[in-house]
Amino acid sequence: LRMATVSRLVAYLSGAGFAVLVFSVWFWPDVFRNLPGYAALLQQGPVSIGTGASLVLSLVLMCHAVLAVGALVALGRAFGAMAGDEPLNEVAVLWLRRAGILVLAGVVASILLQIPASAALTWSNLPGMRAIGISIGTGQLAGAIGGGALLALSRILHWAVIVRADHREII
C-alpha cells in the first residue's frame, strides 16, 4: 500500500512539473536571458536578439522543452506503472529507462545547444564582436548524475523483476 501511494504521488508531481514547464514558456517574458552561457556572453560584448536569433533561440528552447517534457512524462508513467498491483514490472522498468535516457539526452543537448544559441545572440554584431560560447555547469553535472541514477535504478529493477519471476516459479 505504501509503494502504491508513493508511486502515485511521484506520478502526480511529474504531471505538475510538466504543467509548470509548459506554462512557464508562455508566461516568462525574459526566457532567452536565462539560457546557459547568456551571462558570459554579456560580459564579452553586446547581444542583440533579431528575427533570426529569435527563431534559432526558439528552436533551442523547443529542443530543451521536448526533452524535459519527455523525461517528465516517462517518469510519471514509470511511477504510474509501479502504482498498480505489481510494483515490479517490465513496463515500469522500460519507462524508467526511457526517463534516464531522456535526462541524459537533455544534459548533452544543454551543453551542445549553447553553440547555436550563443552564435545567434551575437550574429548581428560587427565582425570581431561575435562569439561562440560553451560551458558546463553544476546543473549539467547534476542532470548527468540524475540520469545515470535513473538508468542504474532501471537496471536494478530489471533484475528484481527477473528474480521475482524466478521466485514465483519456485513457489
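In which sense, left-handed or right-handed, does α4 cross α6? In this predicted model, the crossing of α4 past α6 is left-handed. Helix α4 covers residues 90-112, and the two helices pack with axes 8 Å apart, at an angle of about 160°. An angle over 145 degrees counts as roughly antiparallel, and α4 and α6 are therefore roughly antiparallel to each other. Where α4 meets α6, the contact comprises 14 nonpolar, nine polar and two charged residues.

The chain has six helices and zero strands, so that, read from the N terminus, its elements run α-α-α-α-α-α. Of its 171 residues, 30% are buried.

Next, I turn to α6 itself. Helix α6 takes in residues 138-170, which is 33 residues. The buried residues of α6 include Q140, G143, G147, L150, S154, L157, H158 and V161. As a general point, an α-helix has 3.6 residues a turn, so residues three or four places apart point the same way.

Finally, I consider one residue elsewhere. S118 lies in helix α5, which runs over residues 114-122. Is S118 buried or exposed? Its relative accessible area is 4%, and the cut-off for buried is under 20%, so S118 counts as buried. The side chain of S118 reaches the backbone oxygen of I115 at 3.0 Å.

Thank you for your attention.

Definitions and conventions. Residues are numbered from 1 along each chain as its sequence is written. This is a predicted model: local features need pLDDT of at least 70, side-chain atom pairs count only at pLDDT 80 or more; totals for chains, interfaces and linings use all residues. Side-chain values use heavy atoms; hydrogens and water are left out. Helices (H or I, at least four residues) and strands (E, at least two) are DSSP runs, numbered from the N terminus. Buried means under 20% relative accessible area, exposed over 50%, partly exposed in between (1.4 Å probe, protein chains only). A polar contact is a pair of N or O atoms within 3.5 Å; within protein, one must be able to donate a hydrogen and the other to accept it, and residues adjacent in sequence count only if both atoms are side-chain atoms. The expected span of a helix is 1.5 Å times one less than its number of residues. Axes are lines fitted to C-alpha atoms, for helices over the stretch in contact, and angles run from 0 to 180 degrees between N-to-C directions. Angles under 35 degrees count as roughly parallel, over 145 as roughly antiparallel, 65 to 115 as roughly perpendicular and the rest as oblique. A crossing is left-handed if the near helix is turned anticlockwise from the far one by less than a right angle, and right-handed if clockwise. Ala, Val, Leu, Ile, Met, Phe, Trp, Tyr, Cys and Pro count as nonpolar, Asp, Glu, Lys and Arg as charged, and the others, Gly among them, as polar.
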